[in-house]
Every structure is written in structure tokens, then in C-alpha cells.
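These are my notebook entries on how the parts of one chain meet each other and how that chain meets its partner. I begin with the domains and then turn to the neighbouring chain.

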Amino acid sequence: MATMNELYQSVILDHNRSPRNYRVMENADRHAEGYNPLCGDQLGVWLKLGDGDVIDDVSFQGSGCAISKASASMMTAAVKGKRRDEALELFDRFHGVVTGQRPAAEANLGKLAVFSGVAEFPVRVKCASLGWHALKAALERQDEPVVSTE
Amino acid sequence: MTATAGQRARPAATYDVDAIRADFPILSTRTSRGRPLVYLDSAATSQKPRQVIDAVAGFYATGNANIHRGVYELSVRATDAYDLAREKLRRYLGARHAHEIIFTRGTTEGINLVAQSYARPRLQPGDEILLSALEHHSNIVPWQLVAEQTGARVRVVPVNDAGEISLDELERMLGDRTRMVALSHVSNALGTVNPVARVIELAHAAGVPVLLDGAQAAPHLEVDVAALGVDFFACSSHKMLGPTGMGVLYGREALLEAMPPYQGGGDMIGSVSFEKTTWAPLPAKFEAGTPHIAGAVGLGAAVDYIESVGRPAIAAHEHALVEYATERLSAIPRLRIIGTAADKVSVVSFVMDDAHPHDIGTILDDEGICIRAGHHCAQPLMRRFGLAATARASFALYNTAAEVDALVRGIERVRAVFG
């Protein structure tokens with residue numbers, strides 16, 4: 001069973017305290033909001049897409065717990081410079097690991113593997129995936145806010 | 001003792017919390033992490049004493065039959081048990097007549113019943129329903145629905161920074177178009193006890209009926225609906241030691257008599273033909289279908305249990321816990337208590353500068369401590385305080401000062417992680 005220390009690893013606490021790419025983006029190409037109606041948390045994700053659907057810039061802002069904030073922060077760092085299809089593929093691998101459907105060892109998540117402990121905390125899965133659902137919605141051009149209830 | 005509407009009495013000389021805890025089997029269980037359970041979420045739902053569990057199990061084991069129709073002895077006994085539960089609730093809430101006690105699925109259904117059966121036929125476009133900023137979603141959304149159906153509008157009495165409603169504003173907002181005041185007796189998110197006697201006085205002076213959402217009041221305060229003069233009072237069994245899926249709506253006889261049924265079905269009819277159906281008398285008119293008979297029996301056992309301990313003694317014990325928790329939590333740096341009303345029961349809601357309520361909840365859970373983290377189904381209230389969520393510890397008759405100490409130790413651990 002994962003311990004508290006595995007959930008709140010120092011890299012997660014660091015991204016919570018100093019989230020990266022934490023801003024509203026002016027002139028974004030895409031924007032989506034992620035919302036968790038159970039807790040009221042909400043995060044917006046903004047994207048700029050360049051040639052070949054490459055994510056030239058990505059940012060997020062909103063209110064959420066340490067897990068949702070750190071996850072969104074590390075997500076922005078992970079997908080910047082990736083193509084749209086690569087980012088969506090990474091969504092699937094990340095989502096598979098945090099929902100416990102896929103072993104972390106096979107998913108090749110790199111730094112994002114720090115979130116694999118979340119699978120042991122079912123009520124926190126939606127926190128870790130909130131920003132990712134918003135990213136996916138932005139990439140797929142969904143206009144309605146995405147509701148993450150996992 | 002004499003019933004005093006919504007008042008708390010003096011502490012009892014003796015209060016044997018260990019004996020009370022021994023009646024609640026779940027309180028001696030451990031979490032999957034091997035921690036003793038520290039249950040500080042009774043505002044969400046209370047735990048159940050053996051007496052309630054046994055009453056429900058006993059009904060199914062030896063007393064189960066449908067009510068109001070069987071000619072055989074078992075059905076007569078089930079009917080008697082159901083009617084006895086109604087009488088217990090009449091006494092507990094201070095109603096004049098047992099037929100003013102309608103059994104429902106819970107507070108939510110009670111409020112929806114009043115919104116649809118009482119308010120809807122009376123509301124005209126431009127009419128107003130007054131709520132407060134403290135309300136639980138269950139005392140907001142039913143009124144929004146009926147407002148949408150009728151063209152009426154919902155107006156909101158503001159609260160101050162302590163989480164108290166403004167009586168001046170309420171008085172000012174009570175106008176020619178006001179048709180209903182719907183107010184929580186006790187706020188689930190902050191624990192504020194509203195000045196309901198004064199609200200009812202003001203509303204009645206303006207000719208406006210009052211519904212009280214009593215979900216958080218019924219477990220903690222002495223409620224006397226007749227002395228209060230309240231028109232409707234809704235509460236939930238599961239928050240007052242009884243089974244889930246069960247609740248009570250009190251309504252003044254004259255109002256209930258004049259209202260159409262809420263749902264149609266069996267048990268609520270006088271006679272049925274395809275030309276004309278007549279309604280059963282109160283309370284059956286509002287209890288279509290086979291009710292939660294075992295739930296009523298369990299709720300009856302729950303109020304017996306509460307009264308055997310004594311509501312003044314319970315109120316004094318819980319008051320001391322809230323005071324102690326407030327004092328200890330106030331001493332923690334970078335922690336802020338939300339809701340500092342002069343009159344509070346059962347609830348301490350708080351935020352920490354460095355940790356989100358969910359993270360507080362997860363770390364406390366690791367220590368076996370159950371609190372609520374989130375918006376408490378009161379999003380407008382959270383927005384009023386500029387928050388998305390709070391952490392909330394809530395107390396019941398079985399909690400102890402040692403559990404408050406455990407909470408404080410848990411919060412120290414939160415600070416160690418996020419400090």
C-alpha cells in the first residue's frame with residue numbers, strides 16, 4: 001500500500017508550491033476548462049499550436065489541491081514541444097497508470113511516474129487527471145467545460 | 001423538561017461518553033491502515049447505535065409485513081410499529097398532531113415536496129422566494145426549479161463575515177411579492193445557528209410562510225415546531241442516528257390539508273376510478289407507495305436513543321467539543337476558521353494557507369481521521385467567502401476531546417508535509 005510519502009513526493013510538493021506555466025495565455029489557439037463538481041476544483045488549460053500540430057506553448061491556471069496543481073504543472077512541462085497526437089497518446093498512458101489500469105513500469109512516463117502512487121488513493125485519481133482532461137478537451141476542441149469525475 | 005424552541009440548556013452533571021461510544025459498533029473498528037477510527041464527519045451522516053441497528057434488523061427478522069392493508073396480525077403489528085414511529089417523531093419535534101409528520105426519503109425530498117405541492121400552485125410571475133446565502137444546495141435547487149416553472153424569482157439574504165444572516169436585510173427584503181422564506185436552521189458548512197424564531201416572527205408579520213431546513217438542527221438542538229410556529233420543517237433520519245433513505249417533513253395541518261398530493265400511487269388515495277380519484281387524509285396523502293417501514297422503525301429507535309441520553313446533555317457536550325476544537329485549531333499558525341458566528345453547533349470549518357482541503361483530508365485519512373473536504377454542497381456560500389472548499393470537522397454525541405487532539409496532531413502532520 002502506498003504511503004503518504006509516496007503520494008506527496010518532494011517533486012509534487014515543489015510543483016504545488018511553484019507551479020510551472022501557471023498563467024492565463026493571451027492569444028491562445030485553444031482553451032478548455034476542467035471542472036470537478038464533487039469538490040468544486042477547476043483548472044483552465046491554454047494552448048498554442050504551431051506547424052504540424054506541435055504544442056508550441058501551454059499554460060494552466062485555476063484552483064485545486066496539491067495533486068491537481070502539481071499534475072497540471074508537470075503536464076505542461078511534459079507536453080510542450082510535443083505533437084498533438086503524441087500528447088494525446090501520453091494522456092492515455094498517464095490516465096492508465098493513475099487509474100490503476102496499467103502498470104507504471106510499462107508506461108514509460110518519465111518524471112510523470114511520481115503520480116503512480118495516486119492509483120492507491122481512488123478518491124484522488126480525479127485530482128491527478130483534472131488538468132489532463134482539460135488538455136485533451138482543448139486538443140480535441142471541445143467547447144463545453146470537461147467534467148472530471150472518473 | 002420544558003421544550004424551548006432551538007435553545008441549548010446547561011451542561012449535565014455527568015456525561016458518560018465511553019458508555020455512549022460502546023453503543024456505536026463502528027467506533028471501535030479500525031481503518032485498513034490499522035488506525036482507530038476518528039469519525040469527525042457527523043454533519044455528513046451520523047453513525048448508528050446498536051439500538052437502531054437492532055431495531056431495523058429486528059423489524060425485518062420478526063415484524064416485517066406491508067402496512068395499512070393486511071388483515072392478518074403481522075401486518076397489523078407492522079402498521080402499529082410504523083404509526084408508533086410517527087408518534088415518536090411528533091413528540092421529538094413538538095408537533096401538535098401525528099398527521100402533521102410526513103415520512104419522506106430525507107430533507108431533500110421534504111423541501112421538494114413543499115416547493116412543488118405548496119409553493120408551485122401559488123406562485124405567479126414576479127413573486128419572490130427568500131433564501132439565505134448559507135443554504136445547502138438542497139434548499140436552493142428545489143426553489144430554482146419552482147421559480148423556473150412559475151416565473152417567480154429567488155432572492156438571497158446575505159451573510160456577514162462571521163457567517164451570520166442579516167436580519168435587517170431579511171426584513172428589508174420581505175415585501176409584497178415574497179411568498180416563501182426557506183432557511184437552514186443550522187448551516188451545514190459553518191455550523192451557524194440562525195435566529196429562526198425572529199425570522200419566523202418577521203416573515204409571519206409580513207404574511208409569509210417559513211420552511212426550515214432542519215437537517216443539521218434536528219440532531220443537535222431541541223426543536224419545538226409548534227412553539228416556533230414554523231410552517232414547514234424538514235429533516236433527515238441519517239444525520240440523527242437513524243437509517244439512510246428516511247426523513248421527516250413537518251407541516252402545519254391547515255397548510256398540508258390545502259395542498260395537492262406530491263406523488264400519486266398506492267396508499268395515498270381515498271378511492272380510485274378512471275373518472276375521479278380522491279385523496280386519503282393526512283398523512284397518507286403525502287406518502288404514496290409502500291414507505292420505508294424499517295427506516296421509520298429505525299428512526300423511532302434513534303430518537304428514543306437521543307432522548308435517553310437527553311438533548312440538553314448532548315447539546316452541552318457538543319458545545320464543549322466545538323469550543324475546545326475552536327480553541328485548539330485557532331492556535332495553529334496559518335490556519336483560519338471559517339464561520340465564527342456567536343451561535344454555532346457541531347461544526348468547525350477551516351482552511352490552511354499552505355494546504356488545500358483535499359490534501360488535508362487525505363493526510364488525516366491516513367491517520368484514521370474522517371473529515372469532510374470540499375464545498376459541502378454550499379457553493380454559493382463558499383464563493384461568498386472567496387473559497388472553493390474548506391475542511392470541516394463536525395461533532396456528535398459520541399465524539400471526545402481526545403479525538404480533537406488527534407485532529408490537531410493530524411493537522412501538525414499536514415503542516416510538516418506542506419510547511
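I first looked up the domains of chain B, and the assignment (bounds from an automatic or database domain assignment) gives domain 1 as 17–45 + 310–418 and domain 2 as 53–307. I note that this is a predicted model, in which local features need pLDDT of at least 70 and side-chain atom pairs count only at pLDDT 80 or more, while totals for chains, interfaces and linings use all residues. Residues are numbered from 1 along each chain as its sequence is written, and chains are lettered from A and ligands numbered from 1 in the order in which they are written.

Next I looked up how the two domains of chain B meet. Their centres, taken over C-alpha atoms, are 28 Å apart, and 26 residues of domain 1 are in contact with 26 residues of domain 2, where contact means that the C-beta atoms, placed from the backbone, lie within 7 Å.

Helices (H or I, at least four residues) and strands (E, at least two) are DSSP runs, numbered from the N terminus. The largest share of this side, four residues, comes from α11(B).

Finally I turned to the neighbouring chain, and found 14 residues of chain B in contact with 15 residues of chain A. On the side of chain B that touches chain A, α12 (357–366), α13 and α14 (401–418) of chain B each supply at least two residues, and α12(B) gives the largest share, five residues.
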